[in-house]
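Good morning, colleagues. Please have the structure open as I speak.

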Amino acid sequence: MSSNQLNDEQYRAVHHRGGPLLVLAGAGSGKTRVITERIATLVERDVPEDAITAVTFTNKAAKEMRERLAERLGKKAEKLRICTFHALGLAIVREHAKLLNRRANVSVFAGAEQKSALKSVLSDMKLPADADQVDRLISRISSLKNGLIEAHDNQLSAIRERYDLLLERMNAVDFDDLIVLPIALLAEDDEVRALWRSRARHFLVDEYQDSSRVQYEWVRLLVPEKGNLTVVGDDDQSIYGWRGAEVKNLFLLDRDYPTLTVIKLEENYRSTGSILEASNSLIAKNSERLGKTLRSNLGKGKPVRVWESPNPEEEAQRVATDIKGARMRADDGECGSNWDHFCVLYRASYQAREIELAMRREKIPYHITGGLSFFDRAEIQDLLAYLRLIANFDDDLAFMRAIARPRRGIGDKALGELGQFAMAHSCSLLEACQHEELEHKKAHSLHEFGELIVALEFQFKHGEADEAFDAALDMTHLEAAIRAEAESEEKAEMRMGNLMELRRWWIMHAEKGGDLASFLQDIFLMADKKDDDPTGQVRLMTVHGSKGLEFDHVYVVGVEDGMFPHQSALEENRMEEERRLMYVAMTRARYYLTLSYTRVRKRFGQKEKCAPSPFLKEPEQSVMRWVDRDTNTEEAREEAEDFMAAMKRNLERMQAGK
């Protein structure tokens, strides 16, 4: 890339000569281009590659940066240190392992290894060590290490101390140690600090608004007051406060680096003027920001649409129909390559349920990014195992899952012996449970389970559809298990809500004359999505998961008071972060943005009236079109005309295909 491809602000940032620099980079302003070009320029100025260190927050971002620099610099890029904070921490830990009472081949514990180590500590301390307790304590120890909670709990401090000693003895660290141990080394050992300062004579941090308190401490230790620090970030896109990110780290730079130069990237290459005007006016309501105003180089564009729907089901159907209509109008509509120009965003992952069903109804290919499909959720899989077994007594795989949920005291050993008995008598596992020759200390429990499935089969064949489904939840004790195991009432209601959605589908199917076997066949076809490549598919994702992405068409659903902003944010005075989250959602859109809310939504099993989110009223209203309030607007007419045109075109295609 040559310098004449950069705008004035980008050029100043890339060629900044020395001292601390903050690049305040708005959404779609080309920040990745700036940071990679700045690194390349430093190399071309003969700064030794080993004196440049750049860190970011995801492996994907680090990989993208390395690839861009490889194209730009060739083999010189191989010597650059470009990685995540955690990868840099691991390099420091391994190089200075002796100072940490470890060996260079240190292991990094995560997931199962971390849980196993903590469980061992709890057992030694004669404390409860069940799975839920272990999960809770891992989270609390992580918060303690990252400074998110104070060590007021003496027992927690003692557990952490024993846990850390065990990891040390096992020559291991956990992911939090990859941050806190390097900080301790840099703070306490002058030689280590001098060495890594020489390797970070130019230290660059991408997505700086996502940094935590301890990561900022790391930056301060690596880069002296007048050092060559470059941070690139956007205070308006700081949305990870719940995992320790602190937007105030941006504000502290001016205090801790008095000679700081601030360059604002305000030219947006992504979104139209209307989308930016709505987004700018929304985020301007925040007081905790450094301030900037993005400007578009794409022209005014279409106004932002606001939709009102009666309920989430109709909202989802409207989104799917609109996407299908827009897709059919596309010039390359026949090839299907532009489905991935569309994205549906939501505040919470469970909101994908209705959208997913609507996409399947309309036969629209879609990809759920960063979340489970409705059909992959544990509670859905558990209940489907029972339904499969009720419909087919020979389904041994369904039997194995069903008998384990909830736990009945029938372990792997008993099931293994049951399997051997079934094989010897040429029967299914369910038939083996009721076989008169079965002799086993768990025979009574196994026989009871078999009787349960037979009773439910009778219910589904001869009873009412709703009563049969409810009996399955009740008699299997699945509902009781879900409520007992959920961390909160809200989580329990969310999982039960998923099961109630499956119940609704079953009842609709039964009302049309379908039986359980045909229902399960339909479900299988709906759930059979093995392709994890999002190319050529509509993207469904949470707003948190959308950061850094962009799409021609963006739909944000559930924009209601208490949903977005979330009720917990209202109660905990986190409105500014919620507003930043909405800003991120809006600035994912290139050309078309639709914000949608419903009048009624179920909460804890009860229908509740909804009010539009305040985030729909805060943007500049001259660029907003409330389509359902004024049917005489151009947008309302266009939507109606588009709908009719799409239906006509679809009919013509169907007739042509005959």
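Predicted model: local features only at pLDDT ≥ 70, side-chain atom pairs only at ≥ 80, totals over all residues.

The largest nonpolar core comprises 52 residues. Leu-387, Phe-399, Leu-418, Phe-449, Leu-502 and Phe-519 are the members with the most contacts inside this core. Helix H15, residues 378-391, supplies the largest share of the core, namely 8 residues.

Let us take Leu-387 as an example. If we set aside residues up to four places away in sequence, Leu-387 touches Phe-460, Leu-516, Phe-519 and Leu-520.

I now turn to the aromatic rings. How many aromatic pairs does a search of the whole structure find? The number is 10. In general, a pair of aromatic rings is described by the distance of the centres and the angle of the planes.

One of these pairs is formed by Phe-57 and Phe-85; the centres are 5.4 Å apart, the planes stand at 55°, and the pair is tilted. Phe-57 sits in the loop between strand E2 (52-56) and helix H3 (59-73), while Phe-85 belongs to helix H4 (residues 85-95), so the pair ties together parts that are 28 residues apart in sequence.

Phe-85 is buried, because its relative accessibility is 2%. Together with Trp-218, Phe-57 and Phe-85 form one aromatic cluster.

A further pair consists of Tyr-208 and Tyr-216. Their ring centres lie 6.4 Å apart with the planes at 70°, so this pair is edge-to-face. Tyr-208 is buried, at 1% relative accessible area, and Tyr-216 is likewise buried, at 6%.

Finally, the surface. Leu-298, Tyr-591 and Tyr-592 form a nonpolar patch there, and their accessible area together is about 270 Å². Where does Leu-298 lie? Leu-298 is placed in the loop between strand E10 (295-296) and strand E11 (304-309). Its relative accessible area is 38%, so Leu-298 counts as partly exposed.

Thank you for your attention.

Note on methods. Residues numbered from 1 in each chain as written. Heavy atoms only, no water. Patch = residues over 30% accessible without salt bridge, like charges linked within 9 Å, V, L, I, M, F, W, Y side chains within 5 Å. Areas by Shrake-Rupley, 256 points an atom, 1.4 Å probe, with all protein chains shown as cover. Salt bridge = Lys/Arg side-chain N within 4 Å of Asp/Glu carboxyl O. Helix = DSSP H or I, 4+ residues; strand = E, 2+ residues; numbered from the N terminus. Buried < 20%, exposed > 50% of the residue type's maximum accessible area, 1.4 Å probe, protein only. Core = buried A, V, L, I, M, F, W, Y, C linked by side-chain atoms within 4.5 Å. Contact = heavy atoms within 4.5 Å. Phe/Tyr/Trp six-rings, centres within 6.5 Å; stacked < 30°, edge-to-face > 60°.
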